[in-house]
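Keep the structure open while you read.

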Amino acid sequence: MGSPFLLQPSRSLTEEAMAAAGQSQDDLKRIAALRAVELVRSGMVLGLSTGSTAAHALDRIGDLLRGGDLRDIVGIPTSEWAAARAATAGIPLTDLAAHPVVDLSIDGVDEVDPALNLVKGRGGSLLREKMVEGASRRFVVIVDDSKLISRLEGSGLAIPVEVIPFGWALTLRRLQNLFDGTPGFNLKLRTASINAKASAFTEKESEIEPFVTDNKNYIVDLFFEDGIHGDLQAISDDLLRITCVVEHGMFLGLAASVIVARKDGVVLMDKEAKSNGF
């Protein structure tokens, strides 16, 4: 794809590059996940992430633990799903109270822009993900190249905002007012039957059954027809100033590196423009 990204190749990725040719999207996710797991060392506290890409990493870590290649690993799950998947894989669990500093988090994301800003949380786990990944010494993102975009929300899919259920309709109006006049802007309360990939909804308000997060909150999905323009940090601050907004799915400045699996190979994107540790 023609992209503004500065991609940093790593010579250590030669085998993965060869393996990536002709693979499906899920195969590419798996290749990126396995490469990222090579960063895991015995004795680490890991952030255990949520979603189809993260599943490959969790399963691989479990295999390495069972085989004795890794020891004394503990993980902090970012969702009930991640906790269940990690338990099945045999990864011991802990929490941020016991381990307030996380050595490494590995996670898939919904979007990555050229500055390594991210959109996450279309599966609904954004709050716990941001807490764990924000507590991490290193946060490594694993994606296939369909997640690379020139501007956040450039995919036309949702930026999720987690809100408390009480007074959600008022919160919805305040979010609408925040972006009043923005061309192509739309928002909607996420329902249990409609996921974040839908930009148009037909349910009558009286029939709404809201999607509920692991934290017992609701999700409001924001849609921008041409992506988000302006100062992302200022927009983040404005969102978080709205009473009843708990967190949003823009992950700004958290990712240290992004491993991208593409049809023609695997590439490292790094904030420092070099392949530290890879």
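Q: Which strands does helix H7 lie across?
A: This is a predicted model, where local features need pLDDT of at least 70, side-chain atom pairs count only at pLDDT 80 or more, and totals for chains, interfaces and linings use all residues. Residues are numbered from 1 along each chain as its sequence is written, and side-chain values use heavy atoms, leaving out hydrogens and water. Helix H7 spans residues 232-240 and runs at about 155° to S10. Angles run from 0 to 180 degrees between N-to-C directions, with axes fitted to C-alpha atoms, for helices over the stretch in contact (heavy atoms within 4.5 Å). The strands under H7 are S9 and S10.

Q: At what angle to S8 does helix H6 run?
A: Helices (H or I, at least four residues) and strands (E, at least two) are DSSP runs, numbered from the N terminus. H6 covers residues 168-178 and lies across S7, S8, S9 and S10. Its angle to S8 is about 170°.

Q: Which strands stand at the edges of the open sheet of four strands?
A: Pairing requires at least two DSSP bridges between two strands. The sheet has antiparallel pairing and the order S8-S9-S7-S10. Two of its strands have a single partner each, so one side of each is left without a neighbour in the sheet. They are S8 (185-189) and S10 (245-248).

Q: How many bridges join S7 to S9?
A: S7 (residues 159-163) and S9 (residues 218-224) run antiparallel. Pro160 stands opposite Asp221 in S9. The bridges joining the two strands number five.

Q: What is the volume of the largest pocket?
A: On a 1 Å grid over the protein atoms alone, a pocket is an open set of points with protein on both sides within 12 Å along at least five of seven lines; a cavity is a set where a 1.4 Å probe fits but cannot get out; lining residues have an atom within 4 Å of a point. Grid points are joined across faces, edges and corners, and volume is the space filled by probe spheres set on the points. The lining of the largest pocket has 31 residues, with Gly51, Asp110, Arg122, Gly123 and Lys147 nearest its centre. Its volume is about 650 Å³.

Q: Which element gives the most to the lining of the largest cavity?
A: This cavity has a volume of about 60 Å³. Strand S1 (45-48), H3 and strand S3 (102-107) each give two or more residues to its lining. The top contribution is four residues, from H3.
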